[in-house]
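Subject: Structure handover

Hello,

Here is the structure I promised to pass on. Please open it and keep it beside you while you read my notes.

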Amino acid sequence: MQSYAQFTVARDVVERHGFSNAAFARNLARISLASSGRDFSISKIDGMSRSAGCSPGRATITAIIDAFEDAHLLHQVYEFTHSVQKVRLRGFKVYAEDPGLLCALAPATSDGLTRALETAVYLEMRRRASSRVGSIALLKLKSGKEINFIEGDEAFGITYELIQVSLNMDNEVTRQREVSALQEAMARFEKGEATIVTLDEESTINIPEGVIHVIPAWKWLLG
(Lines give C-alpha, C1' and ligand atoms only; values in the text may rest on other atoms or scores of the structure.)
Protein backbone atom coordinates (compact mmCIF):
# COMPACT_ATOMS: atom_id res chain seq x y z
CA MET A 1 0.00 0.00 0.00
CA GLN A 2 2.90 2.36 0.75
CA SER A 3 4.46 1.59 -2.63
CA TYR A 4 1.12 2.12 -4.37
CA ALA A 5 0.73 5.55 -2.76
CA GLN A 6 4.29 6.59 -3.66
CA PHE A 7 3.90 5.39 -7.25
CA THR A 8 0.59 7.22 -7.65
CA VAL A 9 2.07 10.46 -6.33
CA ALA A 10 5.07 10.17 -8.65
CA ARG A 11 3.16 9.34 -11.83
CA ASP A 12 -0.37 10.72 -11.44
CA VAL A 13 0.35 13.79 -9.34
CA VAL A 14 3.90 15.13 -9.72
CA GLU A 15 4.56 14.05 -13.31
CA ARG A 16 1.06 14.68 -14.63
CA HIS A 17 0.56 18.10 -13.03
CA GLY A 18 4.15 19.27 -13.17
CA PHE A 19 4.68 20.01 -9.47
CA SER A 20 8.31 20.97 -8.95
CA ASN A 21 8.80 19.68 -5.40
CA ALA A 22 8.29 15.91 -5.54
CA ALA A 23 9.55 15.39 -1.98
CA PHE A 24 6.98 17.83 -0.60
CA ALA A 25 4.17 16.11 -2.55
CA ARG A 26 5.20 12.69 -1.21
CA ASN A 27 5.29 13.99 2.35
CA LEU A 28 1.95 15.75 1.95
CA ALA A 29 0.41 12.51 0.65
CA ARG A 30 1.66 10.66 3.72
CA ILE A 31 0.27 13.31 6.06
CA SER A 32 -3.05 13.51 4.21
CA LEU A 33 -3.69 9.77 4.07
CA ALA A 34 -2.62 9.35 7.69
CA SER A 35 -5.18 12.06 8.57
CA SER A 36 -8.13 10.12 7.12
CA GLY A 37 -11.18 10.91 9.25
CA ARG A 38 -9.59 13.90 10.97
CA ASP A 39 -10.09 17.62 10.53
CA PHE A 40 -7.72 18.95 7.88
CA SER A 41 -6.42 22.48 7.47
CA ILE A 42 -4.50 23.94 4.54
CA SER A 43 -3.43 26.84 6.77
CA LYS A 44 -2.01 24.47 9.37
CA ILE A 45 -0.06 22.49 6.77
CA ASP A 46 1.26 25.75 5.32
CA GLY A 47 2.31 26.99 8.77
CA MET A 48 4.11 23.75 9.64
CA SER A 49 5.85 23.73 6.26
CA ARG A 50 6.92 27.36 6.60
CA SER A 51 8.43 26.58 9.99
CA ALA A 52 10.45 23.84 8.30
CA GLY A 53 11.35 26.21 5.45
CA CYS A 54 9.70 24.20 2.70
CA SER A 55 6.18 25.53 2.08
CA PRO A 56 5.23 26.10 -1.59
CA GLY A 57 2.33 28.30 -0.45
CA ARG A 58 -1.35 27.68 0.29
CA ALA A 59 -2.43 27.81 -3.35
CA THR A 60 0.04 25.09 -4.35
CA ILE A 61 -0.83 22.94 -1.31
CA THR A 62 -4.49 23.21 -2.26
CA ALA A 63 -3.67 22.25 -5.87
CA ILE A 64 -1.70 19.21 -4.70
CA ILE A 65 -4.57 18.04 -2.46
CA ASP A 66 -6.95 18.43 -5.41
CA ALA A 67 -4.50 16.39 -7.53
CA PHE A 68 -4.51 13.64 -4.87
CA GLU A 69 -8.30 13.48 -5.19
CA ASP A 70 -8.09 13.47 -8.99
CA ALA A 71 -5.65 10.54 -8.73
CA HIS A 72 -8.08 8.62 -6.49
CA LEU A 73 -5.85 8.70 -3.42
CA LEU A 74 -8.33 10.52 -1.18
CA HIS A 75 -11.61 12.42 -1.00
CA GLN A 76 -12.35 15.82 0.51
CA VAL A 77 -15.48 16.22 2.61
CA TYR A 78 -16.75 19.70 3.42
CA GLU A 79 -19.29 21.20 5.76
CA PHE A 80 -22.98 21.05 4.83
CA THR A 81 -23.42 24.71 3.94
CA HIS A 82 -24.69 26.97 1.15
CA SER A 83 -21.57 29.14 1.19
CA VAL A 84 -18.98 28.06 -1.36
CA GLN A 85 -16.54 30.74 -0.14
CA LYS A 86 -16.45 29.36 3.41
CA VAL A 87 -15.97 25.75 2.42
CA ARG A 88 -12.20 25.58 2.79
CA LEU A 89 -11.81 28.49 5.18
CA ARG A 90 -13.85 26.65 7.82
CA GLY A 91 -11.84 23.46 7.45
CA PHE A 92 -12.74 20.08 6.01
CA LYS A 93 -11.92 16.38 6.34
CA VAL A 94 -10.08 14.01 4.05
CA TYR A 95 -10.76 10.30 3.65
CA ALA A 96 -8.34 7.82 2.11
CA GLU A 97 -9.52 5.95 -0.98
CA ASP A 98 -9.06 2.73 0.99
CA PRO A 99 -8.86 2.13 4.77
CA GLY A 100 -5.71 0.13 4.04
CA LEU A 101 -3.92 3.32 2.99
CA LEU A 102 -4.67 4.83 6.40
CA CYS A 103 -3.42 1.72 8.19
CA ALA A 104 -0.29 1.54 6.03
CA LEU A 105 0.74 5.17 6.39
CA ALA A 106 -0.44 6.25 9.84
CA PRO A 107 1.39 5.47 13.09
CA ALA A 108 -0.57 3.32 15.52
CA THR A 109 -2.89 5.52 17.59
CA SER A 110 -5.76 4.95 19.99
CA ASP A 111 -8.27 6.26 17.44
CA GLY A 112 -6.84 4.39 14.46
CA LEU A 113 -9.53 1.71 14.30
CA THR A 114 -12.28 4.29 14.73
CA ARG A 115 -10.96 6.34 11.83
CA ALA A 116 -10.54 3.23 9.66
CA LEU A 117 -14.19 2.37 10.36
CA GLU A 118 -15.26 5.94 9.61
CA THR A 119 -13.32 5.82 6.34
CA ALA A 120 -15.00 2.55 5.34
CA VAL A 121 -18.45 3.99 6.13
CA TYR A 122 -17.75 7.10 4.04
CA LEU A 123 -16.60 5.04 1.05
CA GLU A 124 -19.72 2.88 1.19
CA MET A 125 -21.95 5.96 1.49
CA ARG A 126 -20.19 7.37 -1.57
CA ARG A 127 -20.88 4.20 -3.53
CA ARG A 128 -24.55 4.20 -2.57
CA ALA A 129 -24.99 7.93 -3.22
CA SER A 130 -23.73 7.75 -6.80
CA SER A 131 -27.29 7.43 -8.09
CA ARG A 132 -28.75 10.33 -6.05
CA VAL A 133 -28.57 14.10 -6.37
CA GLY A 134 -26.59 15.80 -3.63
CA SER A 135 -23.42 15.12 -1.72
CA ILE A 136 -21.99 13.70 1.49
CA ALA A 137 -20.83 16.29 3.98
CA LEU A 138 -20.00 16.78 7.63
CA LEU A 139 -22.47 18.70 9.76
CA LYS A 140 -21.49 21.16 12.46
CA LEU A 141 -24.41 21.99 14.74
CA LYS A 142 -25.18 25.19 16.60
CA SER A 143 -24.47 23.46 19.91
CA GLY A 144 -20.92 22.71 18.79
CA LYS A 145 -21.64 19.02 18.27
CA GLU A 146 -20.88 17.35 14.97
CA ILE A 147 -22.49 14.73 12.75
CA ASN A 148 -19.94 12.58 10.92
CA PHE A 149 -21.96 12.32 7.72
CA ILE A 150 -25.03 13.96 6.27
CA GLU A 151 -26.12 13.02 2.78
CA GLY A 152 -28.33 15.46 0.97
CA ASP A 153 -28.61 18.59 -1.13
CA GLU A 154 -27.65 21.64 0.90
CA ALA A 155 -28.97 24.03 -1.76
CA PHE A 156 -32.52 22.79 -1.18
CA GLY A 157 -32.16 21.67 2.43
CA ILE A 158 -32.88 18.05 1.49
CA THR A 159 -31.51 15.35 3.78
CA TYR A 160 -31.45 11.67 2.91
CA GLU A 161 -29.36 10.26 5.75
CA LEU A 162 -27.77 11.24 9.07
CA ILE A 163 -24.99 8.86 10.15
CA GLN A 164 -22.67 8.79 13.13
CA VAL A 165 -19.74 6.37 13.43
CA SER A 166 -18.73 5.10 16.86
CA LEU A 167 -16.47 2.12 17.52
CA ASN A 168 -18.65 1.16 20.47
CA MET A 169 -21.35 2.66 22.68
CA ASP A 170 -20.24 1.12 25.98
CA ASN A 171 -19.22 4.43 27.49
CA GLU A 172 -22.27 6.40 28.64
CA VAL A 173 -20.60 9.73 27.83
CA THR A 174 -19.94 8.57 24.28
CA ARG A 175 -23.47 7.25 23.93
CA GLN A 176 -25.01 10.50 25.14
CA ARG A 177 -22.78 12.58 22.85
CA GLU A 178 -23.69 10.61 19.73
CA VAL A 179 -27.42 10.43 20.52
CA SER A 180 -27.79 14.10 21.49
CA ALA A 181 -26.02 15.23 18.31
CA LEU A 182 -28.37 13.14 16.18
CA GLN A 183 -31.38 14.42 18.11
CA GLU A 184 -30.39 18.00 17.32
CA ALA A 185 -29.84 17.19 13.64
CA MET A 186 -33.07 15.19 13.34
CA ALA A 187 -35.05 18.08 14.81
CA ARG A 188 -33.36 20.58 12.48
CA PHE A 189 -34.04 18.58 9.30
CA GLU A 190 -37.29 16.98 10.47
CA LYS A 191 -35.90 13.48 10.03
CA GLY A 192 -37.58 10.63 11.91
CA GLU A 193 -34.65 8.23 11.56
CA ALA A 194 -30.88 8.27 11.93
CA THR A 195 -28.09 5.70 12.17
CA ILE A 196 -25.08 5.00 14.34
CA VAL A 197 -22.64 2.51 12.79
CA THR A 198 -20.59 0.62 15.38
CA LEU A 199 -18.11 -2.22 15.28
CA ASP A 200 -20.47 -4.88 16.65
CA GLU A 201 -23.34 -3.36 18.68
CA GLU A 202 -26.94 -3.52 17.54
CA SER A 203 -29.93 -1.85 19.18
CA THR A 204 -32.75 0.61 18.67
CA ILE A 205 -32.92 3.90 20.54
CA ASN A 206 -36.33 5.53 20.71
CA ILE A 207 -36.25 9.30 21.21
CA PRO A 208 -38.84 12.10 20.96
CA GLU A 209 -37.57 12.97 17.46
CA GLY A 210 -37.98 9.41 16.17
CA VAL A 211 -35.69 6.39 16.19
CA ILE A 212 -31.93 5.88 16.02
CA HIS A 213 -30.76 2.57 14.57
CA VAL A 214 -27.51 1.30 16.09
CA ILE A 215 -26.10 -1.13 13.52
CA PRO A 216 -22.88 -3.20 13.47
CA ALA A 217 -20.63 -2.28 10.56
CA TRP A 218 -20.76 -5.70 8.88
CA LYS A 219 -24.57 -5.58 8.77
CA TRP A 220 -24.73 -1.96 7.60
CA LEU A 221 -22.15 -2.58 4.86
CA LEU A 222 -24.17 -5.53 3.56
CA GLY A 223 -27.46 -3.63 3.79
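**What I found**

Start with Ala-63, which lies in helix α4. Keep in mind that this is a predicted model. Is Ala-63 buried, exposed or partly exposed? Its relative accessible area is 33%. Buried means under 20% and exposed means over 50%. Ala-63 is therefore partly exposed. Now find Phe-19, which is 44 residues away from Ala-63 along the chain. The C-alpha atoms of these two residues are 9.4 Å apart.

**Helix α3**

Next, go to helix α3, residues 42–51. Which of its residues are buried? They are Ile-42, Ile-45, Asp-46 and Ser-49. Look down the axis of α3: the buried residues fall within an arc of 100 degrees, so they line one face of the helix. The face turned away from that buried side carries Lys-44 and Ser-51, both exposed.

What covers the buried residues of α3? The cover includes two helices, α2 (22–34) and α4 (58–70). It also includes the strands β1 (39–40) and β3 (92–96).

Just after α3 comes Gly-53, with a positive phi of about 75 degrees.

**The strands**

β1 and β3 also belong to an open sheet of 3 strands. The order is β1-β3-β2, and the pairing is antiparallel. β1 and β2 (74–77) are the edge strands, since each pairs on one side only. Between β1 and β3 there are 2 bridges. Asp-39 has Lys-93 in β3 as its bridge partner.

Now move along to β5 (residues 146–153) and β6 (residues 158–165). These strands run antiparallel and are joined by 5 bridges. Ile-150 stands opposite Leu-162 in β6. β5 and β6 make a hairpin, with 4 residues between them. In the turn, Gly-157 has a positive phi of about 70 degrees.

How does β6 pair with β7 (residues 193–198), parallel or antiparallel? The pairing is parallel, over 3 bridges. Here Gln-164 stands opposite Ile-196 in β7.

**The nonpolar cores**

In soluble globular proteins, nonpolar side chains tend to be buried together. The largest nonpolar core in this model has 26 residues. Which of them touch the most other members? They are Val-9, Leu-28, Leu-33, Phe-40, Ile-64, Ile-65 and Phe-68. The elements giving two or more residues to this core are α1 (2–17), α2, α3, α4, β3 and α6 (99–105).

Take Leu-33 as an example. Leave aside its neighbours within four places in sequence. Leu-33 is then in contact with Ala-5, Leu-73, Leu-74, Ala-96, Leu-101, Leu-102 and Leu-105.

There is also a second, separate core, of 20 residues. Its members include Ile-150, Ala-181, Met-186 and Ile-205.

**Helix α7 and Arg-115**

Helix α7 has 18 residues. From its first C-alpha to its last it reaches 26 Å, close to the 26 Å expected at 1.5 Å a residue. Several of its residues are buried, among them Leu-117, Glu-118, Tyr-122 and Glu-124.

Arg-115 is in α7 as well, within residues 112–129. Why does Arg-115 count as buried? Its relative accessibility is 4%, and the cut-off for buried is under 20%. Leave aside the neighbours of Arg-115 within four places in sequence. Its contacts then are Ala-34, Ser-35, Ser-36, Gly-37, Arg-38, Leu-102, Ala-106 and Thr-109.

**Two loop residues to check**

Most residues other than glycine have a negative phi. Two residues here are worth a look on that point. His-72 is not a glycine, yet its phi is positive, at about 60 degrees. You will find His-72 in the loop between α4 and β2.

Glu-190 also has a positive phi, near 55 degrees. It lies in the loop between α8 (172–189) and β7. Is Glu-190 buried or exposed? With 74% relative accessibility, Glu-190 counts as exposed.

Best wishes

Conventions: Residues numbered from 1 in each chain as written. Predicted model: local features only at pLDDT ≥ 70, side-chain atom pairs only at ≥ 80, totals over all residues. Heavy atoms only, no water. Buried < 20%, exposed > 50% of the residue type's maximum accessible area, 1.4 Å probe, protein only. Contact = heavy atoms within 4.5 Å. Arc of directions from axis to C-beta. Pairing = 2+ DSSP bridges. Core = buried A, V, L, I, M, F, W, Y, C linked by side-chain atoms within 4.5 Å. Expected span 1.5 Å × (residues − 1).
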